[in-house]
Every structure is written in C-alpha cells, then in structure tokens.
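This report is meant to be read alongside the sequence and the three-dimensional view. Please keep both at hand while following the text.

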Amino acid sequence: MALSKTERRDRIRKRIRKISFGTAERPRLSVYRSNKEIYAQVIDDNEGKTLVAASSRDKELSKAKGTKTEIATLVGKALAEKALKAGIETVAFDRGGNLYHGRVKSLAEGAREGGLKF
C-alpha cells in the first residue's frame, strides 16, 4: 500500500535528520512550509536552542507584496542578516522533508544572497 503524503514526508525528514545535525560551529537551518506561510530557524541541536528565526509573518515581511516564492526569498535574506549579526556564517540546510524547489529553494537562495554559507 502506498504511503500518504505526510508519512512520506516524515520518512524523508527522519532520513535527513540522521545526517544533518546542528552544532555550535555549524547550526542547522530548518525550514517549515505551510500552505500560506514559510518559517525558518537556525538551531543548535547540542543545546536544543533556536539561535535565530525568521518567517513570513514577521512585522516587516508581512507587509511585503508579491508571490509566496518572492516572499520566501525575503525571509531567507532576513534570516541571513539576523544570523550574521549573531555571528553565524555557515549552516547545515534542513529542508524538512520538502522537495528542494519552489519556496524552499528560493528561501535557500535568499539566505545565500544574504551571506550564509551551506
């Protein structure tokens, strides 16, 4: 029997998390994509703490007009700006079980444009 969409994503997410683990030197950039919004956070898994976060619901980004893909790029740039202020330059990218295209890809490209390396 075929897996449901959520079961498939959970399997992929677990497979990614086996490999991608955030440390203090190289934290994990985790992406969550809902139907309307997109959220990203930089996590130190050793401490279990979120170091930096940005989303399309932030005050300065919620007023932005454009497609969801364009807003995801802005979220990536905002996250990179906050991360660089916090002294974070390199991260491990965790796409959260989503395919690397569309909004997830544009968020990653926005973060790279903002100065993050991964």
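## A walk through the model

Glu25 is found in the loop that links α1 (5-19) to β1 (28-33), where helices (H or I, at least four residues) and strands (E, at least two) are DSSP runs, numbered from the N terminus. This is a predicted model, in which local features need pLDDT of at least 70 and side-chain atom pairs count only at pLDDT 80 or more, while totals for chains, interfaces and linings use all residues. Residues are numbered from 1 along each chain as its sequence is written, and side-chain values use heavy atoms, with hydrogens and water left out.

With a relative accessibility of 67%, Glu25 counts as exposed; the terms used here are buried for under 20% relative accessible area, exposed for over 50%, and partly exposed in between (1.4 Å probe, protein chains only). Asp58, in the loop between β3 and α2 (59-62), counts as buried at 19% relative accessibility.

Four strands form an open sheet of mixed pairing, in the order β3-β2-β1-β4, two strands being paired if DSSP finds at least two bridges between them. At the edges stand β3 (49-55) and β4 (92-94), each with a single partner strand, so one side of each is left without a neighbour in the sheet. Strand β2 (residues 38-44) and β3 run antiparallel and are joined by six bridges, and Gln41 stands opposite Ala53 in β3.

| Helix | Strands touched | Angle between directions |
|---|---|---|
| α3 (residues 68-85) | β1, β2 and β3 | about 145° with β3 |
| α4 (residues 103-114) | β1, β2 and β4 | about 145° with β1 |

Turning to α1, its 15 residues should span 21 Å at 1.5 Å a residue, and its end C-alpha atoms are 22 Å apart, which agrees; the expected span is 1.5 Å times one less than the number of residues. The buried residues of α1 are Arg9, Ile12 and Ile16. They cover an arc of only 65° around the axis, which puts them on the same side of α1, the arc being that of the directions from the helix axis to the C-beta atoms. What covers these buried residues includes β4, whereas Arg11, Lys14 and Lys18 are exposed on the other side of α1.

Methods:
Contact = heavy atoms within 4.5 Å. Axes fitted to C-alpha atoms, helices over the stretch in contact; angles between N-to-C directions.
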